[in-house]
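Reader: I am new to reading structures. Please take me through a single part of this one, slowly enough that I can follow along.

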Amino acid sequence: MRVALRGILANRMRSALTMLGILIGTAAVILLVAVGTGISNQVQVQIKNLGTNAIYILPERNTSAQNRGTSARRIRLTKADVKALSDKTRAPSIDLVAPTVGSSGTVTWQGNTYALQNFIGGSPEFGDIRNTPVAEGRFLNEEDIASHAKVAVIGQTVVDHLFGKGIDPVGQQVEFNGVRFRIVGLQVKKGSNGFQDQDDFMFAPISTVIDNIVGNVDSYTIIGARAANKDMLPEAMVEIRTILSQTHALKPGDPPDFIVFNAAALLAAGKAAAKQFQLLLGFVAAISLLIGGIGVMNIMLVTVTERTREIGIRKALGAQRTDIVTQFLSEAMLLASLGGLIGVAVGVGVGHLKSATMQPVVSPGSVVLSFGVSVLIGIFFGAYPASRAAALTPMEALRYE
Amino acid sequence: MTALPAAGPAEKPVLLLDRLHKKYNPGSQLEVHVLKGVSLAVERGDYVAIMGHSGSGKSTMLNILGCLDVPTEGRYLIDGVDVSSLSEAQLADVRNQYLGFVFQSFNLVRRTSALANVELPLVYAGVSRSERRRRAQTALELVGLGDRTGHMSNELSGGQQQRVAIARAIATGPAIILADEPTGNLDSQSTEEVLQIFGRLNAAGRTIVIITHEDDVASHAKRVVILADGRIAADRRNAPLHSSPPGLVDLTAAEETTEISVTDAATAPGVVVP
Ligand SMILES: Nc1ncnc2c1ncn2[C@@H]1O[C@H](COP(=O)(O)OP(=O)(O)O)[C@@H](O)[C@H]1O
Ligand SMILES: [Mg+2]
């Protein structure tokens, strides 16, 4: 062991490079797996944020039905659709239906402007479907709808863009496309769902928005619906598809001109995507481990000439084959496990840093695996050439080139 | 198990080469027939210089004598024991305990101190740490490097490196010292120092075989063997050149007593050959 330690110290550069290779391999695997798990967790949390009972219906704008010209009518969601969906006998699994109208334009506050994509005319019911609490103030209420009040509930992203730091948005007057609204509530921040920013919106009463902004065109941007409970979700989706196919007079075989989606379905898709992503990261991790291993192997092979000569000298001085193998094996083991341990420390350490968007989750399995594999690589490539050289006669080893 | 007796005519040779052949790359296109039936007997306590043109097979022969290489044909006996009958482990013991080899190119372990280099054969002999240190120190003092023990091998001059290599070769107190052109890379001053060391070791009873191409160096030996084209071309005894200088006998005598137990073991191959 002492001889091994001497060998390590006598060849600092080689030792450092070997350790670095193993360190990088180990740390990379731990980190990539941690990031993969973190992202997977995050996706699940975010999709859950959508509210699992909520179902959203959108017009399918790029359907081939349009291109085929089978129907001249515009593809849209109408009052008739909402009425049909609200019919408890036709849609027994649905307990809430709420249409929205959407617009985009410029919001202004005291000279600050913000280009808003989602100015939504909604209702308290839509708020119930969406199931997101307010952080401050209140959501829209029935009175706002009835009185066509010029009030709005705002999302955090819009607040960040429109107001200066430390300004309470609730109570402020803003203008959207020239219409003044008073902010009555701020919704809880939901973050990104992986596809879009969920805090980039303003809600105003649907009656007000129809009056002042979009006009009475009988076309809804999104219809929200809610399954009576989680178990009824699949039936609710089926009922919606059936009813809309009827109200849109689709012939059998026609592609639907609407999209129905639900957070649970997204959750499944998101889980699958995250799984794929994790797999990909695992693959990258395996490659980095391999590259670390190849690095170690290269260092070992490059120094094998020199080391074989050293083995020749040692054998000439009376070293037994076991002396040589023991020395090089302990040298490789010491280097590899030291590199591996530092790698684990780095991987776990960095893995516990909380990043702005995501919390990596270090899994014990990845630690054990990466440490084990990289140490094995180090030991194999450290000891194998040495044990082969140890079998040579001293002269063969001394002449080795 | 016998104690080291005085070398006498009745004594069997300590080294015996019997019709030895060595071919490199035998059977291939690159086959070189280097040793073509060399027979040589070296008595205990002798001091043999091997001379010959470059490429005549001197190193090849010495490597076989040092158990670093194996002959293609013929027998090699150390104290009457055929080396080819020894196991790999026993061979390692013979190299460690019985033979001290000094390479022409020193072959010190790089980036390792002089002391650690000299300690190496003692490590493989299983000598305890403190004892190892003490003996390595003694060996280094014997070659006049007592004040250079901590120096890395690359921080020493050629002559100093050669002396470290000699100290390493004698550290376990081997009965036989083999040296391949130990003065080949040295200036006359260093050559003189190295030759003095060999003289002292021989005076202390060690058998020495040294390769050289310098007549001056050969004149220090008791016997000169000339190799030509893989055969022994001449073999003569030198007239006694000098008796050991009195000042040096004390030193070697002191060294001899510290190593006496090892020497005993080493001169009895029965220890390594069951
Ligand atoms: N490993 C080897 N492979 C092939 N030929 C060798 C090898 N070592 C030595 N030789 C050849 O054997 C001959 C004798 O070499 P050597 O014993 O080193 O001679 P010397 O020491 O007398 O100069 C030379 O012709 C040399 O080229
Ligand atoms: Mg030579």
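Which element gives the largest share of the shell around ligand 1?

Author: Start with a caution: this is a predicted model. The largest share of the shell around ligand 1 comes from α1(B), with 3 residues.

Now look at the whole shell. There are 13 residues around ligand 1. Those that come nearest are G55(B), G57(B), K58(B), S59(B) and T60(B). Sort the shell by class, and 8 residues are polar, 3 are nonpolar and 2 are charged. Next, ask which chains take part. Residues from both chain A and chain B surround ligand 1, so the site is shared between chains.

Go down to single atoms. Take T60(B) to begin with. An N or O atom in the T60(B) side chain is 2.5 Å from an oxygen atom of ligand 1. Then find S59(B). Here a polar side-chain atom lies 2.7 Å from an oxygen atom of ligand 1. S56(B) uses its backbone instead: one of its backbone N or O atoms is 3.3 Å from a ligand 1 oxygen.

How much of the ligand is covered? On its own, ligand 1 exposes 560 Å², and the protein buries 66% of that. Two elements of chain B each give two or more residues to the shell: β2 (32–42) and α1 (58–65).

N117(B) sits in helix α3, which runs over residues 114–124. Its relative accessibility is 0%. Buried means under 20%, so N117(B) counts as buried. What does N117(B) touch? Leave aside its neighbours within four places in sequence, and its contacts are L108(B), V109(B), T112(B), S153(B), V164(B) and R168(B). With R168(B) there is also a polar contact between the two side chains, at 3.3 Å.

Finish in chain A, with helix α4 (residues 79–86). Its buried residues are D81(A), V82(A), A84(A) and L85(A). Are they on the same side of the helix or on opposite sides? They cover an arc of only 165° around the axis, which puts them on the same side of α4(A). What do they pack against? The partners of these buried residues are the chain A strands β1 (54–59), β2 (94–109) and β9 (222–227), along with the helix α9 (233–247).

Definitions and conventions
Residues numbered from 1 in each chain as written. Chains lettered and ligands numbered in written order. Predicted model: local features only at pLDDT ≥ 70, side-chain atom pairs only at ≥ 80, totals over all residues. Heavy atoms only, no water. Near = heavy atom within 4 Å. Polar contact = N/O pair within 3.5 Å; in protein donor to acceptor, adjacent residues only side chain to side chain. Areas by Shrake-Rupley, 256 points an atom, 1.4 Å probe, with all protein chains shown as cover. Helix = DSSP H or I, 4+ residues; strand = E, 2+ residues; numbered from the N terminus. Nonpolar A, V, L, I, M, F, W, Y, C, P; charged D, E, K, R; others polar. Buried < 20%, exposed > 50% of the residue type's maximum accessible area, 1.4 Å probe, protein only. Arc of directions from axis to C-beta. Contact = heavy atoms within 4.5 Å.
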